[in-house]
Amino acid sequence: MDLRGRAFLSVHRLRILLMLFHTMAQIMAEQEVENLSGLSTNPEKDIFVVRENGTTCLMAEFAAKFIVPYDVWASNYVDLITEQADIALTRGAEVNGRCGSSESELQVFWVDRAYALKMLFLKESHNTSKGSEATWRLSKVQFVYDSTEKTHFKDAVSAGKHTANSHHLSALVTPAGKSYECQAQQTISLASSDPQKTVTMILSAVHIQPFDIISDFVFSEEHKCPVDEREQLEETLPLILGLILGLVIVVTLVIYHIHHKMTANQVQIPRDRSEYKHMG
C-alpha cells in the first residue's frame, strides 16, 4: 500500500507539473495587440499590430469603408425602399488577432462593437516550373453589422445584427516573406445574411504583412499591387519617352556637326581638267 501511495502521489505531482507547464506555455505564447493609428498621417487609416512572445507577427495599415444596403418603409408605410449606409472603419478601433505559420487572423471592432471586421490570411506553397513557391493571400473577410445602430442606419426594417461573408476569396496575393502594398482602392463583395443584400467593402492605402516579419514593427520588402504598378508606369512613361526623344535629338545634332566639320575640311578635287593649272 505504501508503494502504491507513493506512486499515486508521484503521478499526481506529475499531472500538476504538466498543468503548470501548460499554463506557463500559454502565458508565454499570449499575444499582444495594439492600435497605432495615432502614428498615421492619414486620418482615415488605422494601423494594427499583433505581437507574439514580444515580437511582431502581423502588421496591417489600411483604410476601410463598407457600403451596406438596408430596407426602410416608404412614406405610404406599405412599400419598402432601399437606403445605403456608408460605414467607415474609425480610428482607435479595438483590435484582436492571432498568428500561425500558415494561418493568421485580424479582428477589428468599433462603435461599441456594433461593427466587427474579421480578415483571415493563408500561406500556401505551389509547384511551378521554377520549383516550389510560397505565397500568402487574404482568403476570407467577414463583416458583422448591427442595423439598430442609429448613427448609420435610419429606421431600418427588421433591424438587428447581420453577417456578411466573402465567398472563394483570393485577394492581396503576395510572395512569402514580403508585405503587400496598394494605394489604389480595391473592392470586395460580401453576401449578407440580410436577404438579397450585398455589402461592398472598399480598401485603400493598404499595407499588410501577416507572416514572416523579420524586424519588430517593420514591414518587409513591398510587393506592389498591379494597379499601382500600372499607374506608376503611366506617370513615368512620358518622362522616359521625353528623355529618349531628347537623346535622339542630341545624337542627331552631334552626328550632323561631326559630318559638317569633316566635309568642310576635305580638299575639293576639280572635276574639270582646265582647273588643274590653278592648283599649286
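Colleague: Which element gives the most to the lining of the largest pocket?
Modeller: In this predicted model, strand S3 gives the most, with three residues.

Colleague: What makes a residue part of that lining, and which residues are they?
Modeller: A lining residue has an atom within 4 Å of a point of the pocket. The residues that line the largest pocket are Glu44, Ala63, Ala64, Lys65, Ala88, Leu89, Gln185, Ile202 and Ser204. Strand S3 (55-73) and strand S13 (198-209) are the elements that give two or more residues to this lining.

Colleague: How much space lies in the largest pocket, and what is its lining like by class?
Modeller: The space comes to about 170 Å³. Its lining has five nonpolar, two polar and two charged residues.

Colleague: Why is the contact between Arg51 and Glu32 called a salt bridge?
Modeller: The closest N and O atoms of Arg51 and Glu32 are 3.6 Å apart. A salt bridge needs a side-chain nitrogen of Lys or Arg within 4 Å of a carboxyl oxygen of Asp or Glu, so this pair qualifies. By this rule the count comes to 11 salt bridges.

Colleague: What does the bridge between Arg51 and Glu32 tie together?
Modeller: Arg51 is in strand S2 (residues 46-52) and Glu32 in strand S1 (residues 31-35), so the bridge ties together parts that are 19 residues apart in sequence. Asp216 is linked with Glu32 and Arg51 in a network of salt bridges.

Colleague: What makes Glu94 and Arg113 a salt bridge?
Modeller: The closest N and O atoms of Glu94 and Arg113 are 2.6 Å apart, which is within the 4 Å limit, so the pair is a salt bridge. Glu94 lies in strand S5 (residues 94-98) and Arg113 in the loop between S6 and S7, so the bridge joins parts 19 residues apart in sequence.

Colleague: Why are Glu94 and Arg113 placed in their accessibility class?
Modeller: Glu94 is at 40% relative accessibility and Arg113 at 42%.

Colleague: What is the phi of Ser158, and where does Ser158 lie?
Modeller: Ser158 is also other than glycine, and its phi is positive, near 55 degrees. Ser158 lies in the loop between strand S8 (131-146) and strand S9 (161-165). At 59% relative accessibility, Ser158 passes the 50% cut-off and so counts as exposed.

Colleague: What makes the nonpolar surface patch a patch, and which residues form it?
Modeller: Val250, Val254, Ile258 and Met262 make a patch of about 370 Å². A patch residue needs over 30% relative accessible area and no salt bridge, and nonpolar side chains are joined within 5 Å. Val254, in helix H2 (residues 226-265), is at 43% and thus passes the 30% cut-off. Val254 counts as partly exposed.

Colleague: How far apart are Ser37 and Arg91 in sequence and in space?
Modeller: They are 54 residues apart in sequence and 6.1 Å apart in space, C-alpha to C-alpha. Ser37 is found in the loop between S1 and S2. At 6% relative accessibility, Ser37 is under the 20% cut-off and so counts as buried.

Technical notes. Residues numbered from 1 in each chain as written. Predicted model: local features only at pLDDT ≥ 70, side-chain atom pairs only at ≥ 80, totals over all residues. Heavy atoms only, no water. Patch = residues over 30% accessible without salt bridge, like charges linked within 9 Å, V, L, I, M, F, W, Y side chains within 5 Å. Areas by Shrake-Rupley, 256 points an atom, 1.4 Å probe, with all protein chains shown as cover. Helix = DSSP H or I, 4+ residues; strand = E, 2+ residues; numbered from the N terminus. Buried < 20%, exposed > 50% of the residue type's maximum accessible area, 1.4 Å probe, protein only. 1 Å grid on protein atoms, 1.4 Å probe; cavity = no way out; pocket = protein on both sides within 12 Å on 5 of 7 lines; lining within 4 Å. Points joined across faces, edges and corners; volume = space filled by probe spheres on them. Nonpolar A, V, L, I, M, F, W, Y, C, P; charged D, E, K, R; others polar.
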